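Hi,

Here is the structure I said I would pass on. Have a look at it first, and then read my notes below.

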Amino acid sequence: MNNYKHYILLIVLALIPVLSVYADDLEQQRQQLIKRFHQYYAQMNLDSALVILDEQIALETNGGNIENEGKARWNKVAVLNNGARYEELVVEAEKQREWFGKHENWSRFYQCWQRMCSGHHDLGRMQTALREAEAMGNDAKSRNNNTGRAMAYKQIGVIYTDIRQLPQAEESFRKAVELLKEDNDMTGILSGVYEGLSQTLDKQKKHKEQLVVADEWLKHLDELAKQTSLEVVSQTYVACYLAYANAYIGLQRYADAEKALEKAEEYYAITKTALTRYDIFEVRTLLALKQGHYQQAIAYSDSALSPGMNYGVLLQEYRAEAFLNANQGVTSAEIYRKLYNDKDSVFTREMRTQLDELNTFFQLDELQRSQREAKVRYAMIIVGLILIALIIFIIVTRRSARKLAEKNRELAENVSALALANDKAEASSRMKTEFIQNMSHEIRTPLNILNGFTQVLTSNDADQLLPAEKADMRQRVAENTERITGLINKMLVLAESNSQHVLECNDQTAHAASTADVAFSTAIDDAVRNVILKTNRDYAVRALAQLLDNAFKFTKQGRVTLSAEQGDNCVRFVVEDTGIGIPKEEMSHVFEEFVQLDNYNEGMGIGLTMARSIANRLGGSLDIDSEYTDGARFVFIIYGDKIG
């Protein structure tokens, strides 16, 4: 037995040098891979960087080093995020989230989840991003995990910022900061939230508050550097000092901004990447622009790009302004034209493929969601109490089985009716919200074009433009002006259709009139031609015009007739057509907002809504004749306090 133990000891002693050599070789391979990864990433050669990370993951998996494997997996997510490769990011972040959850690394678990939400958001999938953010917040709440809750708030802040709801974005980022500070976060997550909060304050021109946040951020980075290394946090130092620089530029403290940029460049020199270089030159371009050094601003913007990189929207706007002020209006106009085309194409693509994802304007606030959830719970409690009361009543009174079935049937019908009414309300709210979002996006693009081309046409070197270019710019200005006017008129019509204000009736109308440019037959009783009716002529004519417009729109062949006859203290107008008609089951819906029975006709579905609103506000009525089968017939009755 002793000899057996002796042999085992000899074998172990013999293996120690072998294991030591293997460990040294493993560490050497690891360091080589890390070095090659940083080289490729600094050059923005992302494909090669990702290949190296896969090699490192395989190495660490074989070596059983979970900590280093986790670092490599997170780096894959970070590379795809920083490289704006959002489709791949969504897939990779979900994959790595599962891995970190399996190994109970909850900080990275929620960071991957937030990156997945961010990928959906950057792809225009707003609703998907919101659903994932809500699910992440609920999951973090169930685990009592502040990091997960903070990541949910961060994602909501990102979405608020994108739709320009900046005060709400600021509030969301501040909640995320509070949660991470409560946990004394030293993983670097808090730094990313500080960056989002700083950018939101900069957009709101709250530059003094931005400096306060930058101070907090810098203190956090100093503590982080003590626990890790300067190389690890050098890029976040760059972002922090760029936040200082932007705040100083907003406060017109240009000398302080220059010092902040110099500090950013010092930290950039520690760990150089193409992205941080681009960010530094973007801020330098802005500073030169604000100081009136336009040629220098152009040079800085040219220096920002590295191989494989393109100008971002913000830097393009800086360049256009610099060229315009440097009396190079043609170049400026070309940049503005490209910005216009890019934004217009992006808008068209988003509206075509992601329209159902944009219904977020009134649904982002967590308080609103909590209130809706509370209402649902309250309704469920009430329904539950009613059911319990019914059961107790049935048991006590020993009602027959038939009576019990009847009560249950009635209750089911009530619940079904309630669900139907709720579905209709949600559908109406969704259509209104989509209309508002559509109008918001539609107005933004023409406003940008008017601003850009107006600056070019009024600049000092406008004479250098070719006549064809000037004509093209003027045409675009005119087109976009008409586009905005049309959109505003649509929104005014919508607001008018919802008004409950009683109209003043001070106009005396002697007879009904037809316009020369509308071809239709009229049948006016002689008695009506001599009637003097006190009403509001403009609004009455507007209601009749809506009815006639509706009749012509849905009558491709046939006739449209306007008739009028005298009643008791009223005039009864009838507009009938031989068009496509209205199914009986839809007659109760035609006066509702946004209802369109034929989606192939233009319109917003509010014409009949507005006509009935006017009729009611005039003290009259507007109804549809359900017995008429040759098309559609509407009856508009105006009452008056004087009939002659």
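The buried ones are Ala 297, Ile 298, Tyr 300 and Ser 301, where buried means under 20% relative accessible area, exposed over 50%, and partly exposed in between (1.4 Å probe, protein chains only). They span an arc of only 160 degrees around the axis, so they sit on the same side of α14; that arc is taken from the directions from the helix axis to the C-beta atoms. Helices here are DSSP runs of H or I with at least four residues, strands are runs of E with at least two, and both are numbered from the N terminus.

Before going on, please keep in mind that this is a predicted model: local features need pLDDT of at least 70, side-chain atom pairs count only at pLDDT 80 or more, and totals for chains, interfaces and linings use all residues. Residues are numbered from 1 along each chain as its sequence is written, and side-chain values use heavy atoms, with hydrogens and water left out.

With a relative accessible area of 0%, Thr 285 counts as buried. Beyond its neighbours within four places in sequence, Thr 285 is in contact (heavy atoms within 4.5 Å) with Ala 297, Tyr 300, Ser 301, Leu 315 and Tyr 318.

Leu 339 belongs to helix α16 (residues 329-353) and is buried because its relative accessibility is 6%. Again leaving out neighbours within four places, Leu 339 contacts Val 313, Gln 316 and Glu 317. Gly 452 is 113 residues from Leu 339 in sequence, yet their C-alpha atoms are 9.6 Å apart.

Now to helix α4 (residues 86-102). Its 17 residues reach 24 Å from first C-alpha to last, close to the 24 Å expected at 1.5 Å a residue; the expected span is 1.5 Å times one less than the number of residues. Buried residues in α4 include Leu 89, Trp 99 and Phe 100, and α3 (66-82) and α5 (106-122) are among what covers them. After α4 comes Glu 104, with a positive phi near 60 degrees.

Which residues have the most contacts inside the largest nonpolar core? They are Tyr 237 and Tyr 244, in a core of 106 residues. A nonpolar core is a set of buried Ala, Val, Leu, Ile, Met, Phe, Trp, Tyr and Cys residues joined through side-chain atoms within 4.5 Å. Helix α11 (residues 230-250) gives this core its largest share, 13 residues. Apart from it there is another core of 33 residues, including Tyr 539 and Ile 624.

Last, the sheet. Five strands make an open, mixed sheet in the order β2-β4-β5-β7-β6, with strands counted as paired if DSSP finds at least two bridges between them. β2 (521-524) and β6 (621-624) are at the edges with a single partner strand each, so one side of each has no neighbour in the sheet. β6 runs antiparallel to β7 (residues 632-639), joined by 4 bridges, and Leu 622 has Phe 636 as its bridge partner in β7.

Happy browsing!
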